[in-house]
Amino acid sequence: MNSISYGSCGFEDDSTDLSPCIISGSTQLGEEGGKLHRRALIAVLVSVSLFVLAHQFHINHPQETLAQSAIVPLQSSMSAMMSSNHDDPTIIPNPNAYPRRPFITRNGRNVFLPVLGFPSVALAQYVKEDDQHLANEAVRHAVEDLQISYFDVAPEYGDGVAQQRLGPALQPYRHNVFLAAKTMYRDANGSATDLANTLRALQTDHLDLYQFHSISTDSDVAQILGEGGAMETFVNAKNEGKIHAIGFSAHSEAMAVKMIESGLVDTCMFPINFVAYHYGGVGQKVLDAAMKYNVGVIALKSGARGRLTPENGEAVHVPESFDHIPEWKRKEMIDYPVVTSRVHHTWYEPEDDPEELNRLILWSLNQLGVTATLPPGSLLLLDGISDMLRGKSSVPKFDEADMEHMLERYDNIVPIFHNRSISGTKVST
């Protein structure tokens with residue numbers, strides 16, 4: 001039997017495994033495991049009953065189909081039974097606190113991801129070891145108060161600081177959350193070392209999703225997919241159980257489409273942003289390709305207004321060397337200077353009006369093909385977005401009556417990403 005390592009959270013459903021919440025490597029399931037096995041047995045019996053009922057009906061009525069009214073109640077009962085453990089109030093965070101949407105991995109597993117993730121880049125501000133308690137409280141609040149169960153991080157956030165803070169803070173909840181990370185190394189050796197460092201920093205033996213970070217050039221794609229490229233590390237790590245799904249983030253629409261069309265990735269993290277879409281021409285080609293190839297889309301920068309400039313932001317100092325960031329990226333940060341918000345520590349200007357911010361997030365989540373979103377990397381903005389989505393069974397509909405207002409509001413904003421030049425892909429990581 002294939003086992004799944006998200007504890008009792010139910011992120012993943014394997015059609016060949018009727019007990020989809022088993023903790024990988026566990027030999028002692030305890031009371032919860034017993035409940036799951038009982039549910040699994042009942043599920044099998046229900047499935048057999050459905051088959052027998054349909055077969056008998058076909059014998060007696062060869063020209064007719066079994067009425068939906070006969071099947072639906074049984075299907076609903078089966079669904080409720082298999083998901084009833086998700087309503088257990090002792091599970092923190094509650095996996096059903098937010099609407100969940102699926103993406104299908106290359107090995108055929110159907111992963112259900114909460115539509116809202118935690119932007120762990122926000123933890124990069126806690127640069128001192130003594131700041132760990134602040135990171136602990138930020139994560140505790142996200143998990144216990146906001147019930148967020150999807151976390152994303154990268155070594156590049158604070159040159160290792162964010163993942164270093166997230167590991168200890170997330171440790172008490174690790175089995176009940178979906179954890180994603182990234183690497184900017186394009187070669188097999190560099191990415192293997194980076195993965196080992198990330199697993200150690202995050203205090204875990206696996207990642208639920210591992211992603212190539214910030215793909216924006218043809219050479220990025222060629223090196224990753226070529227001989228000795230990082231894809232070799234990812235595939236080996238997936239076979240070894242160190243990662244469960246393969247994804248990437250990109251700022252170039254053309255490069256994102258190339259990665260999707262490779263047929264080797266499960267997810268694509270890309271800016272699905274109102275301003276970039278309407279005034280930068282960025283996003284639709286990625287969504288179309290993702291839907292064609294069954295790749296989940298995680299919307300980046302959905303809460304962004306536009307680009308920052310040295311006049312309205314703060315220039316980032318680039319040191320002589322980094323510990324966790326490749327040299328090519330350090331040079332790129334010099335060629336394409338990074339500017340951060342003085343208030344939110346983001347690499348773009350986020351929408352900080354709560355009502356307008358929620359409009360942007362809803363617009364993004366309502367684009368066909370979007371699986372989930374990562375909000376702005378500011379802890380000041382997270383609660384309002386969470387309040388809009390938490391407790392809902394589905395994402396609220398975007399009000400098309402707001403479209404004219406939004407087009408007017410962002411008419412003079414320079415979009416964070418655009419297709420007009422290579423600089424349109426070089427704003428941030």
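Two strands are taken to pair if DSSP finds at least two bridges between them, and in this predicted model S249 stands opposite M269 in β9.

The protein chain contains 14 helices and 15 strands, and of its 429 residues 54% count as buried. Among contacts between residues at least 6 apart in sequence, 75% join residues that are at least 24 apart. The accessible surface of the chain comes to about 18,600 Å², and carbon and sulfur atoms account for 52% of that area.

Eight strands form an open sheet with parallel pairing, in the order β4-β5-β6-β7-β8-β9-β10-β15. Its edge strands are β4 and β15 (370-373), each of which pairs on one side only. Within this order, β8 stands between β7 and β9. Strand β7 (residues 209-215) pairs with β8 in the parallel sense over four bridges, and Q211 has G247 of β8 as its bridge partner. On the β9 side, β8 and strand β9 (residues 267-271) also pair in the parallel sense, over three bridges, and here the bridge partner of G247 is T267. The chain passes from β8 to β9 by way of helix α8 (residues 253-261), and this β-α-β crossover is right-handed.

Strand β8 (residues 246-250) is largely enclosed by the rest of the structure, because five of its five residues are buried. In a regular strand the side chains alternate between the two faces of the sheet. In β8, I246, F248 and A250 point one way, whereas G247 and S249 point the other way, and residues of both sets are buried.

Helix α13 (residues 379-389) was examined for the placement of its buried residues, which are L381, L382, I385, S386, M388 and L389. Seen down the helix axis, these buried residues fall within an arc of 155°, and they therefore line one face of α13. The elements that cover them include β4 (118-119), β14 (349-350) and α12 (354-365); of these, β4 is also an edge strand of the eight-stranded sheet. Just after α13, G391 takes a positive phi of about 85°.

Conventions. Residues are numbered from 1 along each chain as its sequence is written. This is a predicted model: local features need pLDDT of at least 70, side-chain atom pairs count only at pLDDT 80 or more; totals for chains, interfaces and linings use all residues. Side-chain values use heavy atoms; hydrogens and water are left out. Buried means under 20% relative accessible area, exposed over 50%, partly exposed in between (1.4 Å probe, protein chains only). Helices (H or I, at least four residues) and strands (E, at least two) are DSSP runs, numbered from the N terminus. The arc is that of the directions from the helix axis to the C-beta atoms. Contact means heavy atoms within 4.5 Å. Accessible areas come from the Shrake-Rupley method with a 1.4 Å probe; for residues, only the protein chains shown count as cover. A crossover is right-handed if, with the strands pointing away from the viewer, the path from the first strand over the helix to the second runs clockwise.
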